Amino acid sequence: MNLSSKQSGASHEVLLVEDNLGDVRLTQEAFRNVAGALRLHVASDGVEALAFLKQEGVHADAPRPDLILLDLNLPKMDGREVLARIKADDGLKSIPTVILTTSDADTDIAESYRLQANCYLSKPVQLEAFEGLVKSINDFWLTKAKLPQNQVPS
Amino acid sequence: MDSHSGIRSRQELGSLANRTNGAVRPIPDELAGLDLVERYRELLMAAPDSMVVVDQGGEIVLLNDQAEKQFGYPRDALIGQKVTNIIPEGFAERLIADGLRSRQDALAQQIGAGIELVALRSDGSEFPIEIMLSPLESPDGILVTAAIRDISVRKAAEDELARTEERYRGLLEAAPDSMVVVDQGGEIVLLNAQAEKQFGYSRDELIGQKVTNIIPVGFAERLIADGTRTAAEALAQQIGTGIELLALRKDGSEFPIEIMLSPLDSPDGILVTAAIRDISVRKAAEDELARTEQRYRGLLEAAPDSMVVVNQAGEIVLLNAQAEKQFGYRRDALIGQKVTNIIPVGFAERIIADGLRSPQDALAQQIGTGIELLALRRDGSEFPIEIMLSPLDSPDGILVTAAIRDISVRKAAEVHLLEKNAELKLSNEELSQFANIASHDLQEPLRMVASYTQLLSRRYKGKLDADADEFIAFAVDGASRMQRLIQDLLAFSRVGTTGGEHGEVSSEHALNDALVNLRGAIEERDALVTHDPLPSVRADAMQLVQLFQNLVGNAIKYQGPGVPRVHVSAVRCGNRKWMFAVKDNGLGIDPQYFDRIFGMFQRLHKREEFSGTGIGLAICKKIVERHGGTISVESAPGEGTTFSFALKESR
């Protein structure tokens, strides 16, 4: 599949790790409404996400994302393990990683923060609420928050 | 010693001598022509005893060899001498007439009597004798023949016997019980002061009397030999046993006694000493006990349960017919046996004191409690029982009565119930889990359907034809209704799987939280929601918020065109409880639907009138019930509705 959605003049690189194509499209649509310059890259499982981040194989020239949106329930390698590996990697752990999932289970929330997720968000059921959430992500993480300067991963 | 001495009196001996010797006797005719002295001497010589013939002057005229030997003199040394030389006192005086009586009288008074005197040997030593006198007419007047017997041995025996008798009498008197000594003829020969007092006779009235006078039946018969046994056997059968008989007082009154017999060797044969104890008090107590026992046994047999009475040693002392049947033993096979034979574990241990507790404590710990144990039938099969213990005072200490009930059926039912309960719990858990998972997993694809139909609607409304707009609108509506349905189902299942931690919750805070969640609806309808001061209650906070939210939400929703008014109040009811009421001025509910509105998916209105899943009140009912209460409704169409429920006051 096409792993990244190229947008001309993008100033922000966002990696969305999501296996549900419907959610991928909804997220793209929602960002389209609120963000001017943003490149949304998609990895559809955990293994691919790590390959993208480490620029392995076909991802050799993948950019370092400014923000990672990570679903928990993923094929091959689930989101918790992806999170653990990102935060255990000195080159990757400074990238803000936001959990975006349908689960609102207390155990998932607690486990995610224990693994040093930067934020935990539940996907709202209603379209408008989901669009509002994506807007909030853009407003906070990509606009207000000061992020570390892009570094070449070691 | 001959058979006539001993306890028999000496007077009797004398009378016996009288019968033999008779009175003054003339010299037989056939001897008349012979030399008197010579003929008589021959007779004298043949006599076994010492014989001395004395004249009325007290001089010895004749004596035999035995006399020579006994007194230690040659015959010549004594003939013509005063008899006082060998019998210093008591003999000569009796022969010689004094001023008050003739010689005949003096002699008559003494003839035949066995007189005990002291004799003197030639060496000066003394020895006791008994003399028997008989007159002998002679030409020189009446001579007296004295048969002299050395009674040293007899005297010594008599003295010994007297001492023994004295000692025995002392023992008799010292005994606490009445003592009566009876010979083999059934005659009383001796008794003590206690016996006099007990029977009301003086000693003289009883000595020599038949013992049947005071113990009419059962004593004498035992002593006297009959055709089938000897006296010794008769006695041997009874010696030492405590025999219970009836005794008779002089006044004719009877009283129960216990006698203990012991044999006493005596010169007159075996005597029997009977120790007699008045057992009136004991008998009365025993009778009372027997009656009580009889009553108790009656109760035991009448009891519907098996009853087993056990002593402190853990031995069975009594049981009823039910117990025989239940355990499969005959009564005889269990009495005296250890109770562990029929209840191997858990019963005996409870009764028997160990180092840590007294028998009373051991017992007290168990009295009255229903203890479940295993019992063992004779055929080795086991069955579950429940025993109830109760103490029973007895002369032999505290006994324990165990009422034993076969609880096989109950146990089987319990096991069955537990199994069913576990099944039900599992099934409930599965159902709850299923509802939870299903509703959660259904949400995912539904979110896609809803989101994309909404996206379609937003982006293409008015750009396609009118049909497309309508179709899309139905799809959007269906999806969003399905979403609410799933959310409500999830909420309903969560009431069962979460919460239950009931803490102190301010119901006023809970209501306010609910009102915050309802803000949109309240503003939309311009609703007026009021409440009294509300108490703290024991509840799950989240569920209480949900409860208020559903009830107040309903109150605002099911309204006519006017301003919705909702009032929440709480009043004390009963013991530490509060009755809450959520009252509105809405459409009201026809009472015929009261039963239905709390059920799942129950709706009273068309979808076009009011949206809703029909789960809200079912959730309310479940929440209230999980708090140990009930929810009820009062309403009439057009009159508004009041929902009421009770919650426990917080401590």
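## Terms and model

Two strands count as paired if DSSP finds at least two bridges between them, strands being DSSP runs of E with at least two residues and helices runs of H or I with at least four, numbered from the N terminus. In β20(B), B:Met579 is the residue opposite B:Val571.

The model is predicted, with local features requiring pLDDT of at least 70 and side-chain atom pairs counted only at pLDDT 80 or more, while totals for chains, interfaces and linings use all residues. Residues are numbered from 1 along each chain as its sequence is written, with chains lettered from A and ligands numbered from 1 in the order in which they are written.

## The mixed sheet of chain B

The strands of chain B in the order β17-β19-β20-β22-β21 make an open sheet of five strands with mixed pairing. Because β17 (528-531) and β21 (631-635) of chain B are at its edges, each with a single partner strand, one side of each lacks a neighbour in the sheet.

Within this sheet, β19 (residues 565-572) and β20 (residues 577-584) of chain B run antiparallel and are joined by seven bridges.

## The antiparallel sheet of chain B

Five strands of chain B, ordered β7-β6-β10-β9-β8, form an open sheet with antiparallel pairing. Seven bridges pair β8(B) with β9 (residues 254-266) of chain B in the antiparallel sense, and B:Gly242 has B:Met260 of β9(B) as its bridge partner.

## Contact between the chains

Seven residues of chain A are in contact (C-beta atoms, placed from the backbone, within 7 Å) with nine residues of chain B. On the chain A side, α1 (21-34) and α5 (127-144) each give two or more residues, and α1(A) gives the most, with three residues.

Terms used
Contact = placed C-beta atoms within 7 Å.
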